[in-house]
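Biologist: Hi! I have the structure open. Could you walk me through it?

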Amino acid sequence: MGHPLVVSTETNEVAIGDVDFPQVTVSLPGGFNYSAMVNAERNFLLAKIGNDVAEDEFSWSRNDAGGLLQIIDQTCSLDTTYAGLNEVNNQDNNNFIKSVNIDGYHLYDDPTTKTIKERIIPFLKKATYNCGDVITGCFLNRKSINCGLLFKKRFSEWGGTCMFNGIPGPVTRKIQTMQSVLSLGEYTAEEIEKWSVANLDKDIQQKDERVTNKGVDNSRTPWRQTSPGRTSGLSFIIKDESGEKGSVHGEGTGFILTVAHPSDEPKIKRFGKSLPFGHEVFISITPILLLADDDIKKMEPDERGYYFGDDKGNAELKYYHKYTKRNCFEECISDAVFNQCNCTAFVAPEEMYDLGILSACQACLPNCRQTKYTISVTSSPLTQKHMTEYRGRYKEQLENDDTFSIVYVYFDMDSYQASRRSARYSTFEEVGLVGGTISMITGLTLLDLIEAIVVIAALIAAQHKIRTIVSSMEFNWGRFIPRLTWFVPPLQEMIELPVINVDPLDAQEIVDGFTIDVEPLEPQETVEHPIVISGQAGNPSPPLHPLEDLPGFIV
């Protein structure tokens with residue numbers, strides 16, 4: 001009968017107000033400040049020769065300093081770049097090069113330990129730039145908003161990044177890590193609460209939380225664009241920090257941008273797009289919508305081959321609260337790394353991608369409901385006059401010689417076509433299919449079954465009635481004696497009638513009283529009519545009617 005699910009095109013298009021705006025993550029060319037990378041290597045060298053290193057009132061041990069260099073090496077090693085594949089060392093990129101041996105040093109990714117809490121996390125916060133320092137002039141649906149409130153610092157495999165409209169690490173992860181704790185201070189308690197209760201796996205036919213008694217609430221989580229066009233989406237200015245760039249992952253000089261669903265963690269190193277500075281950049285978003293009926297939740301997940309975000313059983317993840325395919329991949333990679341080296345990694349081993357991530361993580365099934373995004377990028381250079389005007393407008397963030405780009409991220413249409421997963425056969429169709437098959441094989445029809453049910457019900461009712469009557473009867477000396485209740489009318493008062501004396505009558509007197517004298521009739525001549533019966537003449541026939549000889553009889 002084929003797969004139990006089918007995919008069909010929705011009749012009505014989906015308005016952009018019902019589509020989650022994508023998570024937007026941007027980063028400068030480098031993931032770390034160059035000065036921080038130099039300090040980390042210096043601390044390790046001093047600790048290795050036994051000298052105490054005091055920084056921020058804490059001293060670094062040899063293992064702590066070596067463990068920090070392991071983190072930097074994973075995020076910005078030359079081996080992770082195209083230049084590293086070609087053994088080309090561009091000194092301007094300031095990549096981390098293993099000039100010292102850091103093998104054997106390790107850190108446990110436990111943010112509750114003193115080393116992580118008091119040394120590693122404070123250092124990484126200073127080693128990465130603040131989003132409000134490099135991003136300015138933010139507008140959301142034509143409203144000016146502080147960029148530090150829109151973009152949150154997110155430590156990733158790239159290093160420092162800035163994320164808009166993405167789920168916080170402390171909300172999506174069950175187990176707190178350095179990455180989730182690094183971003184914890186970026187969110188207010190109200191923002192954490194909104195993301196915790198946000199339904200990121202909802203069908204568009206369900207009730208929209210944006211609709212309130214006061215109208216439409218545009219501050220919902222995650223954010224949604226309500227009207228098409230570049231000024232109705234997200235727009236901002238991002239400036240270049242070329243003087244402090246370190247751990248550069250590409251050969252270009254532009255910034256990196258990627259989009260993803262708000263429920264996923266960003267993967268900017270693998271999927272980011274390089275965009276130029278000094279330009280006006282237009283990023284048009286086109287969502288690919290795949291919806292799903294709630295009815296298919298009744299199927300077993302292994303039968304349907306897809307997972308909802310709140311499915312149990314095999315869909316439950318150890319490290320994440322909600323299931324997504326990308327979260328499942330991250331967990332699969334983490335388990336593989338832990339089994340290999342009893343450690344964790346910020347960057348997934350390339351060997352797993354080389355073998356095919358789907359082959360390596362076959363238990364990671366797609367989501368029943370999915371929203372993917374494709375982007376179209378165009379740009380044009382900014383004139384020096386324009387750049388001068390904006391430097392004057394944002395003096396606190398832009399200096400006289402700063403290079404920057406103006407970026408627009410938006411939906412360019414007011415609605416989009418969607419597809420929907422649904423059951424191949426509804427319950428009614430399944431019953432009809434089974435009934436038709438039974439009728440074809442046995443000759444039985446639905447009416448036959450109904451008649452059988454009615455007969456059985458009647459027999460059951462009759463049996464119940466008999467049992468009820470029997471239970472109301474009494475048994476005396478082993479003999480079955482029915483006890484019947486008769487209706488007896490109430491006693492009436494006897495009335496005595498008066499007696500009247502009447503003389504008795506003689507029977508003869510009664511007869512004489514009713515005797516009437518009748519005189520006899522005069523004799524008349526009788527005319528004989530000969531009647532022949534059965535061919536015999538002379539034999540008179542009996543009268544046809546008993547009264548025909550009486551006077552006045554009419555034939």
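Biologist: How much of the chain is buried?
Modeller: Buried residues come to 39% of the 555 in the chain, where buried means under 20% relative accessible area, exposed over 50% and partly exposed in between, with a 1.4 Å probe and protein chains only. This is a predicted model: local features need pLDDT of at least 70, side-chain atom pairs count only at pLDDT 80 or more, and totals for chains, interfaces and linings use all residues. Residues are numbered from 1 along each chain as its sequence is written, and side-chain values use heavy atoms, with hydrogens and water left out.

Biologist: Good to know. What does the secondary structure come to?
Modeller: The chain has 18 helices and 23 strands. Helices (H or I, at least four residues) and strands (E, at least two) are DSSP runs, numbered from the N terminus.

Biologist: What about the nonpolar cores, how many residues does the largest have?
Modeller: The largest has 38 residues, and those with the most contacts inside it are Ile135, Phe151, Leu234, Phe236 and Leu257. A nonpolar core here is a set of buried Ala, Val, Leu, Ile, Met, Phe, Trp, Tyr and Cys residues joined through side-chain atoms within 4.5 Å. Strand 17 (residues 279-292) gives this core its largest share, five residues. There is also a second, separate core of 23 residues, which includes Met37, Ile102, Tyr105 and Ile121.

Biologist: Back to Leu257: what is it in contact with?
Modeller: Leaving aside neighbours within four places in sequence, Leu257 is in contact with Val24, Thr25, Val26, Phe236, Gly272, Lys273, Leu275, Ile283 and Val407. Contact means heavy atoms within 4.5 Å.

Biologist: Now strand 7. Is it mostly covered or mostly uncovered?
Modeller: Mostly covered: five of the six residues in strand 7 (residues 135-140) are buried. Strand 7 runs antiparallel to strand 13 (residues 234-239), and four bridges join them; two strands pair if DSSP finds at least two bridges between them.

Biologist: Which residue is the bridge partner of Phe139 in strand 13?
Modeller: That is Ser235. Ser235 counts as buried because its relative accessibility is 11%. Beyond neighbours within four places in sequence, Ser235 is in contact with Gly137, Cys138, Phe139, Val407 and Tyr408.

Biologist: And what do strand 7 and strand 8 form?
Modeller: A hairpin, with two residues between the strands; Asn141 in the turn has a positive phi of about 55°. Strand 8 (residues 143-144) pairs with strand 7 in the antiparallel sense over two bridges, and Leu140 stands opposite Lys143.

Biologist: How many bridges join strand 9 to strand 10?
Modeller: Five, with strand 10 covering residues 159-164. Ser156 stands opposite Gly159 there.

Biologist: Last one, helix 4. Where does it bend?
Modeller: At Ile120, by about 30°, and a proline, Pro122, follows within four residues. The bend is the angle between axes fitted to the seven residues ending at a residue and the seven starting there. The end C-alpha atoms of helix 4 (residues 114-127) are 19 Å apart, which agrees with the 20 Å that its 14 residues should span at 1.5 Å a residue; the expected span is 1.5 Å times one less than the number of residues.

Biologist: Which residues of helix 4 are buried?
Modeller: Thr115, Ile116, Arg119, Ile120, Ile121, Phe123, Leu124 and Ala127.
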